[in-house]
Amino acid sequence: MKIKILYLSLLLFLVGCSEKKTPIDFYYWKANVKIGETEIKYFDQLNSQNLFIRVFDVDNEGSGVKPKSKINPFDATLLNAKYTPVVFITNRTFLKSTEKELSELPQHVYKLISETMTSNKISNFDEIQIDCDWTNSTREAYFSFLKELKKISGRKIGSTIRLHQVKYKEKTGVPPIDKAYIMCYATSNPTDKTEANSILDISLLKDYLQNVNDYPVSFNLALPIYSWAIVTNHLGNIKLINGVSRKELDTDTFEKISQNTYKLKKDVFFHGLYLNRDFTLKIEEISPSLLKEAKQFFNQKVSKDYRLIYYHLDGQFLSLYSIDDLK
Amino acid sequence: MKKIILLAALLFTFNNQAKPCADYDPDYDYYNLFMQELVSDPQYYPFLMSYHLGYYSVPENVIKNDNIEQWQKYLGISYEQALHLVFKASRDDVRSLINGKSVSDANLKFITPAFVSKHKQSLLYLAYAKYLEPYMTITHIPSDEWSYYYPSDKTVDKLDYNQVINVLTKSWNAETDKELKLRYGYQLVRFAHYNRNYGDAVKYFDTYVEPLNYKPAIYYYALDQKSGALKGLNKVVEANYGFFQVFVHSPELKTGAYSSLTINNEIDFQGLMRMLKTDKERNDLYLMLGYSEFNNPLPSIEKIVSKTPDAIQAKVLMARTINSIERTILHTNQSCEECSNADKRMPISSKSENKFSDDALKISVSVANNLATKDKNFWNMTTAYLYFLNKDFSNAKKYLALVNPTTKMYASQKKQFELYIYISEQPSITAEVEETLFTKYKQEFNSLKEENYYYNSFIVDLLANRYFIQKDYAKSFLLNNSISALEYNPRLDLLNDIEAFVNKKNKNAFENYIANNVNPYGERDNKSFNIMDYIYNMKGDIYLSDGNLDQALKAYDRVSPHFKMWAKTGADYNGFSKIPTSIFGYNEIECFECSDNMTMGVQYLSDFPSIGTAGTMNKPQIVKALLSLKKTASGKSEIAAKANYVLGNFYYNITNTGYYRNIFRFDRTNGNGEKYRSGSEKDIYNGIYFKDYYWNTYFKNDINTPEAYLEKAYEFAKDNELRAQIAFALSKCEQAEYYENNNMQSYYWINSDQIFIKGRKYFEELAKYESTDFYSKVLANCNYFEYYVNHYK
C-alpha cells in the first residue's frame with residue numbers, strides 16, 4: 001500500500017513538472033530556395049511540420065500595384081512539410097494605389113499564390129499568411145483586403161502582428177483573421193546608431209507582451225534565429241551582412257572598438273562583399289541563451305497553446321545553434 | 001515581349017539590398033554642380049555616379065554600337081544604314097532582296113542589285129540571324145505581372161537544337177570569309193549557351209571562334225557568351241577573366257560584363273589579377289573595386305594614379321567621389337540642425353563629411369601637381385572644386401585659373417565655378433557685388449529660368465543664404481519665394497521688410513531683378529497688380545487675428561475697395577470683400593463642404609446696425625462692426641449679452657474648426673488643409689535661408705477670445721433661447737480645446753472616440769434648457785449631444 005501511494009505521488013510529481021513541448025515550425029524567406037542537408041536535418045530533428053514560405057512581395061513604387069521578388073521554382077519534396085504561402089505587402093501599396101487597384105488586389109494575390117503553389121507541385125494549402133506592418137493610415141484598407149481575400153480564397157487567413165500591435169491593440173486594431181503570428185523580432189531599427197540589439201530586445205519583448213493572453217485572436221509566436229553585421233562606410237551609410245558571427249570579427253583584420261563594434265584595419269573581401277579600411281561593423285546576434293530566455297518567458301506567460309516559428313530556415317544561421325538550443 | 005539575357009537570369013547573383021522605401025529620386029535632392037562627363041571618355045559614362053539607375057544614363061548615340069560599326073565598315077555603308085539593316089529590317093524583306101525582289105521599306109533603298117550580288121553571303125547570314133533572334137530568350141517567371149508563367153511561344157527550347165547547330169556548323173564550314181565565319185561562330189556559342197549546353201558553348205568557341213585569330217567587336221560578343229557558359233560550369237576564375245576581357249574591349253557590353261563578373265573573395269580577385277597583362281586591365285579591375293557606391297573609391301584611385309596618373313579609371317572614380325560628396329553636402333533643402341552655433345555660410349558640411357572630402361582633396365592635389373600627369377585639366381578642375389567645397393576660395397581660384405577651357409564643357413564648368421567662388425568669397429553682398437553679378441555674370445542670371453534648374457538654383461540659394469546672414473531678409477525671402485508663401489505663415493516683420501524693399505528708391509539692376517519676383521503666384525506678369533493692396537490686406541488680417549482692431553482698420557483702409565486676391569468674380573468671397581454676414585452666426589450643422597445657407601444659423605444680427613443688411617461685407621466693414629459690437633458688449637444688459645454672443649460666434653467661426661476659417665487665412669474655400677491644423681510656431685530665423693517657406697504653415701488657433709465673449713454673454717443673458725444658444729456655442733469651444741490639448745492634428749476626419757462627450761460642461765448646461773426650441777434643434781442635428789442626453793444626463 002505504501003509503495004502504491006509512493007508510486008502515485010511520484011507519478012503526479014512527474015506530470016506536474018513535465019514541460020509542455022511547444023511545436024516548432026519555420027519561415028522561409030529567400031527568393032532562390034536552397035534546401036540543403038542542414039536545413040533538412042534541423043527541420044526533421046525538431047519534428048517541424050509547417051514551412052511558412054514567402055512566395056512574393058506586393059508593392060507600389062508609383063507605377064501601380066505589382067508583385068515583386070517572386071520565389072523561383074523549387075523542389076517542395078525536399079522537406080516533409082506542410083507549406084503555407086506568405087505574402088509581404090508594403091504599406092505604400094495601400095497608400096498609393098487607386099480604389100480600382102485595391103479592389104482587384106485580393107483576386108490578383110490569390111491567383112498568383114495559386115499559380116505559384118500549383119507550379120511548384122504543392123497541391124493543397126489551407127491557409128494564407130499576409131505580412132504587413134499596417135499603420136493607422138493603412139489599417140482600413142489592409143483589413144478589408146484581408147476580408148476579401150478570405151472570401152475569394154475560401155482559405156484561412158493569417159497575418160503577422162508586430163509587438164506594438166499587441167500592446168496597443170485598442171489603438172491599432174485587430175485584423176479580421178483566423179490566426180495571428182506575433183513577430184518577436186525586429187524590435188528596433190538597425191540604422192539607429194545605438195549599442196542595443198535591434199533584432200531582439202528582451203526587455204522590450206516582455207513589456208509589449210504583458211497582456212498577450214488578452215489578444216482576441218488565436219496566435220503563434222515567431223522568434224528570430226538570424227544574425228548580421230551592420231557595416232557603416234566612409235559616408236556613414238549602412239549595409240547589412242547576414243550570418244556574421246562574432247568569432248569571425250575577433251581576428252587581426254578587425255580592431256574591437258566597443259562591446260559589439262569592430263573597425264576594419266585594411267581593405268578586405270568579407271562574406272562576398274568588398275569592404276574598405278576604417279569601415280565599422282556592429283554585430284547583432286541571437287545567442288542561444290537569449291533565445292532560451294525568450295522561450296522561458298513564453299512558457300510562463302502564455303496560457304494558450306501556441307506554435308513557435310523560427311525566422312528562418314537557413315543553414316548559415318541554423319549552424320550557429322544546436323538542435324537542443326532550438327527545442 | 002520582354003527579352004532577358006541568359007547571363008542575367010541564370011548567373012547573376014541577386015544581391016538583396018534594402019532599398020529606401022520612400023518614393024523619391026535620390027538623383028534630385030542635391031545640387032549636382034560638378035559635371036561628371038568631364039572625364040571625357042563616353043565609354044566610361046555608364047560608370048559615373050547615379051543612385052537612381054543601375055548605371056549612369058547616357059544619352060542615345062553618345063556610345064555607338066560596336067557591332068553596327070563593324071557591319072558599317074564591312075559593308076561600306078553608313079552607320080544609320082547598318083543600324084537599320086541589322087536591327088530594324090524584317091527577315092522577309094532581307095530574303096526578298098536576296099531573291100531580287102523589291103521591298104517597300106524605304107530605308108533599304110541602298111540595297112541595290114549590285115549590293116546584293118556583292119554581299120549576298122552577308123545578307124544570307126543576316127536573314128538566318130533574324131530567324132533565330134526572336135527565340136533567344138529562355139523560360140522565366142515574369143518579374144512584375146500577376147502570373148507565375150511566362151506567356152511566350154518563342155523561347156530557345158522551341159527550336160530543334162541539333163538542326164540549328166547543323167545549319168550553323170555547315171554555314172561556318174562553307175563560308176570562306178573570316179568576318180562571316182566569326183559571326184556564325186558567335187551564333188553557335190550563343191545558341192548552345194542559351195540552351196544551357198555549357199560544355200558545347202565552350203567547345204564551339206574554342207573550335208569556331210578562337211582559331212580564326214580575329215578579334216573585332218563580335219569576337220567579344222562570343223567571348224561574353226562563352227564566359228557565361230564557363231560560369232554555368234562553375235569555372236569562376238576563367239569566367240571572370242572572359243567577362244573582364246569583354247569589359248576591357250567592348251564599349252557596348254561593358255555594363256553587362258561588369259554585372260556578370262563575380263569577384264567576391266580574395267582568391268577570385270587575386271586569380272584574376274594574376275591573369276592581367278596591361279596597366280589598362282589592372283586599372284579596370286581597380287575601377288571595379290572602387291565602383292560600388294558603398295565602397296570608398298579613394299584607395300583604388302591611389303593605386304591607379306601611382307603608376308598611371310592620366311588613367312581614365314582614376315578620373316571616373318574621382319568624378320564619383322565628388323558626386324557622392326555633393327550628395328552629402330549640397331542638399332537642395334538644407335536644414336541647419338548641426339550648424340546652429342557654427343558657420344551658416346553655404347556650402348555646409350559636417351565633420352565626418354569633411355574627412356572624406358579632405359582625403360579626396362589630398363589625392364586630387366597630388367595628381368594635379370604630379371609632373372608625370374600630362375592632362376592636368378581634369379585634376380585642376382576637381383582640385384579647384386574640392387577647395388571650393390572646403391571654403392578655401394583662394395586655392396580654389398588658383399587651381400581654376402590653371403584650367404584650360406579646351407572644350408565647351410570645360411569652358412562652361414569653369415565659368416560656373418568662377419561664379420560660385422566669386423559669390424562665396426564675398427564677406428557680404430554689397431551694391432558693388434550686385435552690380436558685378438549683373439554685368440560680368442548677367443548671362444547666367446538671364447538663363448536662370450530656362451536652363452539647368454539645379455545649377456541655377458544653387459546660385460539663388462547661395463545668394464539667399466548670404467542675404468539671410470546679413471539680415472537682408474526681404475531679398476533673401478524673395479529670391480527663394482514669391483510673396484504668396486507668406487499666406488501659409490504670415491509675418492508682420494517680413495511684410496515690413498518686403499514693403500520697404502519694394503518701395504526702395506533707386507534700386508539697382510540686381511535689386512530690380514529680385515523685386516520682379518514679388519507678385520503672388522498667378523499675378524507674376526500682371527503689371528497693373530498693386531502689391532501694396534496685397535501687403536496691406538495681409539497686414540490687416542494679421543492685426544485682426546491678433547485682436548488689434550485699430551491697426552487692422554488702418555491697414556484695410558489702405559487697400560483699394562476693388563482689391564481681389566483671386567481673379568474669380570461673382571458672389572463669392574474674393575479675398576477682401578463679399579464676406580457673408582453669417583460670419584457672425586453659428587453652425588446649425590457641421591459641414592464644411594455645404595453652403596452657408598445650409599450650415600449657418602443667423603440670429604440677433606438685425607439688432608446691430610453695424611452689421612448691415614446687404615448680406616455681405618468687406619474687411620474694413622467687418623472691423624468697424626467688431627469695434628461697434630465691442631462697445632455694446634461692454635455693458636451688462638441683454639443687448640450686451642447678445643453683442644458678446646455675436647462676437648463670440650465671429651471669433652469662433654475663424655478658428656481651425658470654424659466654418660469661416662478661410663476668410664483671414666488666404667484661402668478661397670474652407671476645405672481641410674494644413675492651414676487648419678494646430679502646430680507650433682517655428683523660429684523662421686533659425687535656418688540658413690527662407691527656402692520653401694510655405695512648408696512652415698502656422699496660424700495661431702485662438703479659442704480663448706471666443707470663449708471669453710461667450711462666457712460673458714452667458715453671464716448676462718436672461719432669455720432661455722439665447723442662453724441655450726450660448727451654451728451650445730461654448731460647448732463647441734470645449735470640443736475645440738479638447739482637440740487642441742490632445743494634439744488631434746487632422747480632426748477634420750474624426751472618429752467618434754475623439755469626441756469629448758462625458759463631462760462636457762456646456763452639454764450639461766444646454767441640457768437644462770430642454771423646453772427651448774433651440775434644444776430640440778440641437779438634439780435633432782447633433783448626434784453627440786443626443787448621445788450625451790441618452791447616457792449621461
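Four bridges tie strand 8 of chain A to strand 16 (residues 308-311) of chain A, and the two run parallel. Helices (H or I, at least four residues) and strands (E, at least two) are DSSP runs numbered from the N terminus, and two strands pair if DSSP finds at least two bridges between them. Within this pairing, A:L223 sits opposite A:Y310.

Before going on, a note on the source: this is a predicted model, where local features need pLDDT of at least 70, side-chain atom pairs count only at pLDDT 80 or more, and totals for chains, interfaces and linings use all residues. Residues are numbered from 1 along each chain as its sequence is written, chains are lettered from A and ligands numbered from 1 in the order in which they are written, and side-chain values use heavy atoms, with hydrogens and water left out.

Back to strand 8 of chain A. Strand 7 (residues 179-183) of chain A also runs parallel to strand 8 and is joined to it by four bridges, with A:Y181 partnered by A:N220. Six of the six residues of strand 8 (residues 219-224) are buried, so the rest of the structure largely encloses it. Buried here means under 20% relative accessible area, exposed over 50%, and partly exposed in between (1.4 Å probe, protein chains only). A:F219, A:L221 and A:L223 cover one side, while A:N220, A:A222 and A:P224 take the other.

Now the interface. 38 residues of chain A are in contact (heavy atoms within 4.5 Å) with 30 residues of chain B. The two chains bury about 3000 Å² between them, 57% of it on carbon and sulfur atoms; that is the accessible area (1.4 Å probe) lost on being put together, summed over both. On the chain A side, A:H234, A:L235 and A:F269 lose the most area, together 23% of what that side buries.

The rule asks for a side-chain nitrogen of Lys or Arg within 4 Å of a carboxyl oxygen of Asp or Glu. Here are some of them:

| Pair | N to O distance |
|---|---|
| A:K30 and A:D314 | 3.3 Å |
| A:E285 and A:R246 | 3.3 Å |
| B:D607 and B:K642 | 3.1 Å |

In chain B, B:K642 is buried at 18% and B:D607 partly exposed at 32%.
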